[in-house]
Amino acid sequence: AVWEKYNGPIPEGKIVTFLDGNKDNCEIENLVLVDRRENLELNQSGLRFSDAEFTKAGVTVAKIRVAARRRKEKEMGN
């Protein structure tokens, strides 16, 4: 609800996650929008931290990794 108050509806395929991992901290500054593949990358690669700034960096890494995989899949015709 907080995300939508500030940014409008959550697009299909996207989720809102908590930068500091604290689901009770619903401040807009603690929320980030990622797609499901990026969220999976965050979880599988250990890119989530209790420090929100570290998780922001992790989100960037996850986005780059997912984009690289998508590009590779596209080049391979998948």
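Of the 78 residues in the chain, 28% are buried, where buried means under 20% relative accessible area, exposed means over 50%, and partly exposed covers what falls in between (1.4 Å probe, protein chains only). The model is a predicted one, in which local features need pLDDT of at least 70 and side-chain atom pairs count only at pLDDT 80 or more, while totals for chains, interfaces and linings use all residues. Residues are numbered from 1 along each chain as its sequence is written, and side-chain values use heavy atoms, with hydrogens and water left out.

**The whole chain**

Begin with the cartoon, coloured by secondary structure: the chain has three helices and two strands, and from the N terminus on these run in the order α-β-β-α-α. Both kinds of element are DSSP runs numbered from the N terminus, with helices (H or I) of at least four residues and strands (E) of at least two. The C-alpha trace spans about 40 × 25 × 15 Å along its principal axes.

Switch to a surface next, of which the chain exposes about 5,500 Å², with carbon and sulfur atoms supplying 53%; these areas come from the Shrake-Rupley method with a 1.4 Å probe, and for residues only the protein chains shown count as cover. Colouring by charge brings up 14 positive and 13 negative side chains, and the centres of the two sets lie 7 Å apart. Here Lys and Arg count as positive and Asp and Glu as negative, without His or the chain ends, and each charge is placed at NZ of Lys, CZ of Arg, CG of Asp or CD of Glu.

**The nonpolar core**

Now select Ile-15, Leu-19, Val-32, Val-34, Leu-42, Leu-47, Val-59 and Ala-62, the eight residues of the largest nonpolar core. Such a core is a set of buried Ala, Val, Leu, Ile, Met, Phe, Trp, Tyr and Cys residues joined through side-chain atoms within 4.5 Å. Strand E2 (31-35) and helix H3 (52-75) each supply at least two residues of this core.

Centre the view on Ile-15, which sits in strand E1 (residues 14-18). Beyond its neighbours up to four places away in sequence, Ile-15 touches Ile-10, Val-32, Leu-33, Val-34, Arg-36 and Asn-39, a contact being heavy atoms within 4.5 Å. From there, move to Leu-42, whose contacts, apart from neighbours within four places in sequence, are Leu-47, Arg-48, Gly-58, Val-59 and Ala-62.

Asn-39 counts as buried because its relative accessibility is 15%.

Continue to Glu-41, also found in helix H2 (residues 36-44), which counts as buried because its relative accessibility is 7%. Leaving aside neighbours within four places in sequence, Glu-41 is in contact with Leu-47, Ala-62, Arg-65, Val-66 and Arg-69.

**The loops**

Move to the loop between E1 and E2 and select Asn-30, which is buried because its relative accessible area is 4%. Excluding neighbours within four places in sequence, its contacts are Thr-17, Phe-18, Leu-19, Asp-20, Asn-22, Asn-25 and Ala-52. A C-alpha distance drawn from Asn-30 to Leu-19 reads 5.1 Å, although the two are 11 residues apart in sequence.

In the loop between helix H1 (2-7) and E1, pick Ile-10, which is partly exposed, with a relative accessible area of 35%. Beyond four places in sequence, Ile-10 is in contact with Trp-3, Glu-4, Ile-15, Val-16 and Leu-33. Its C-alpha lies 8.1 Å from that of Leu-33, 23 residues apart in sequence.

**The aromatic pair and the end of the chain**

A search of the whole structure finds one aromatic pair. Select Phe-49 and Phe-54, which form this pair edge-to-face, at 5.8 Å centre to centre and 80° between the planes. Rings of Phe, Tyr and Trp (its six-membered ring) pair if their centres lie within 6.5 Å, with planes under 30 degrees apart counted as stacked, over 60 as edge-to-face and the rest as tilted. Phe-49 is partly exposed at 33% relative accessible area, whereas Phe-54 is exposed at 52%.

Finish at Gly-77, in the segment after H3, which is exposed, with a relative accessible area of 62%.
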